[in-house]
Each structure stands twice: as C-alpha cells, then as structure tokens.
Number of protein chains: 2
Amino acid sequence: MKTPERGAAMKEFPLQKVFTLIEPGPVLLLTTAAGRRKNIMTLSWSMVMDFSGNIAIVTGSWNHSFEALMKTGECVLAVPGADLMETVIGIGTCSGADTDKFGAFGLTAKKGGEVGAPLIGECLANIECRVADYVEAHSLIVLSAVRAWTNPDRGERRTFHAVGDGTFVIDGRHVRNLRARMESKLPPGV
Amino acid sequence: MKTPERGAAMKEFPLQKVFTLIEPGPVLLLTTAAGRRKNIMTLSWSMVMDFSGNIAIVTGSWNHSFEALMKTGECVLAVPGADLMETVIGIGTCSGADTDKFGAFGLTAKKGGEVGAPLIGECLANIECRVADYVEAHSLIVLSAVRAWTNPDRGERRTFHAVGDGTFVIDGRHVRNLRARMESKLPPGV
C-alpha cells in the first residue's frame, strides 16, 4: 500500500469508522480522475449503508463527473469544513466540462494510496472509494471505502449541511455525554 | 383528502419542498401501524433521491418496524427537534417487540391525512410516505412522500445529527445569505 505524498498532513482513518464521517449528513465533495483530467463535484445526497464503509450516493449523467466515475470505478469523497462553504458552492454551480476546478478554486490535489482520484488537501477527511454497484433505476451508486484519511491540521473542524433551498446549517454543539446510552448499538471499534 | 385531527397544530408543507427536510441529514423517527399496533424506530441512514419527495432509507428484518413497513407499505418519517434527543436515543435502543414506544416515551400519535401510520405530535415535521420500491440486495427502501406537515408550535427549531459513534451534533448557525449564488441549482417552488 502506498501512502499519500509527503507533506500532505493526512492521518490514516480506520475503515470501520468511515461511516461516522457520512452519517451526520455533511455536504461532501467527490473527486474523479479520468486520465490526467481531475474533477470535483458537490454532493449532498449521500447515505451510510452499513458499518463496513459502503456509502450510497445519487448521481447520473446530468453530472459531468458521472462519466469519469463509471469509467474508472473510483472516486474520493471529501468532507469540507465550514471554512470552505463558499468554495463548495462555487464547485457545485459550475461544470468540470469547461472548468479546471482544482485550479479555479485553489484546491490542492493530493495522491491517495489506493485510487487514482485525488484527495483534497484542504478537506477535513478524504475517503478513497471504489464503485461497488450502480442501481440504474434509482440513479444510485454504491461506493465502497477502501482507505480513508483525516487532516488534523485544519483549524475549522465544523462541517456544514445543505438544506436544499440554497441555505446551509453549520454544525453547532457536539453532544458527547449520551454515548453510554448508545453502547448496545455501536459496532466494534467505533 | 382528510386533514390531521383537531388541535394537532400541524401545518401542511408542500411536497416539492419535502426534500429540504431530509437533505441536511437530521436524525429521523419512522412510525408504522400494523393494525392497531403502532411503533416508532430511530433512523439516521436516509437520503434524498430527487426533488419529488422520493427518499431512500436502509433497514431490514433486524428492525422490528420492517415487517409492518413492508406489510402496510406505509410509514411516517418524523423530524425531531434537539429537545427530543434523549427520547430519540431511548426509542433507538429498545424494541417495539416488547415496548409500546408512544406510551413509554410520552409521545402523541396523531392521525395523518393519507397513511395509517401516525404522525408524532411533538416533532418539527412529519412526512407521510408510501413504499415505492425495495432494493433487497442493498436493504434499501425507497419511500415516496404523499403528504407532509410541519408543527410551527415547537419552540426548539434545531434538529440534530448522529455521528454514529454514540455522539450527536446539534444544528448551529443557519447561513441564508448565499442563496442567490445557488439559484441555478434550485428546483421551482423551493
């Protein structure tokens, strides 16, 4: 297994905890690489499918990234912090068909360890994924996480959530004192 | 079309905006009614599928509600506020097989307008749904919203998000001033 390039400030994150990055429902970025052409799309229709790192997303040919995703069978799901909110909106409102989004938005593409799609250096976490299934009737893609990274160097740790009406909600208080009541429902190692 | 029972304090919510209740990724409750037996489960694996009120959830026979959901083809997705956090955890850590959850947690079952499953009077919003599809290979159920209600009387308007490790994040600041930048991506009427 390769590791991300030097200076990437990425820390490996256990696959059995990957679902905890997605379950709270943050806005995500999805990167692809078709040959040398990298792209990024914004995504907020995603869902945990199990405790093993399988994640569903809804996308289709209306997204420029779809072709590269299906052709390569690989992508990275990246979790941006609230400091990237305007960048994420910008990424979501232009197309990779005519825009080099890494360049346009000043984001750093880092090599991952398992897939060809790039990690985003400025994000809080990056999940390297392979396409496990495509349920065409529902435009639903099942991604399987194969490796994951967090970036402990980011100062802004809050994620943010799309309402879908053009407004967004930033994470507020993190309630940790109810965990004991949840023990019966937690999988091992989480 | 019937309306919810008198005093329910429910206000009709347009179906074309239902996706905005789910897209931010709040913890949800799901109610079912098999005959006279009502039940509630806690759910945080859910996803918007389109702008028309189709919503995916992951569940299966390991949840007691699954049988009633598949048998009746109906449920209600309810959005609890942060004031219900401990109640929601309680609901998620016991089983309808041996517990009358409405009674045990002091929640009010209200009649909806379209489905047999009850609305939850104490929630911020209730979405009456029919089962549109069951993708068994992925334990994925597609629900179609058929009617929706909000409860303007609740003082606590914040929702909360499960991290999946037994901790939760309450909504923080609601950012509304970026909507103009999103106009190109918003469906009509939202």
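Residues count from 1 along each chain as its sequence is written, while chains are lettered from A and ligands numbered from 1 in the order in which they are written. Since the model is predicted, local features need pLDDT of at least 70 and side-chain atom pairs count only at pLDDT 80 or more, whereas totals for chains, interfaces and linings use all residues.

As for the contact itself (C-beta atoms, placed from the backbone, within 7 Å), chain B puts in 46 residues and chain A 46 residues. Strand 12 of chain B gives the most to its side, with 8 residues (strands are DSSP runs of E, at least two residues, numbered from the N terminus). By class, that side of chain B holds 22 nonpolar, 14 polar and 10 charged residues (nonpolar means Ala, Val, Leu, Ile, Met, Phe, Trp, Tyr, Cys and Pro; charged means Asp, Glu, Lys and Arg; the others, Gly among them, are polar). The copies meet through the same surface, because 100% of the interface residues of chain B are also interface residues in chain A.

Strand 12 (residues 168-175) of chain A pairs with strand 12 of chain B, antiparallel, over 5 bridges (pairing takes at least two DSSP bridges). Here A:Val169 sits opposite B:His174.

How values were computed: Contact = placed C-beta atoms within 7 Å. Helix = DSSP H or I, 4+ residues; strand = E, 2+ residues; numbered from the N terminus.
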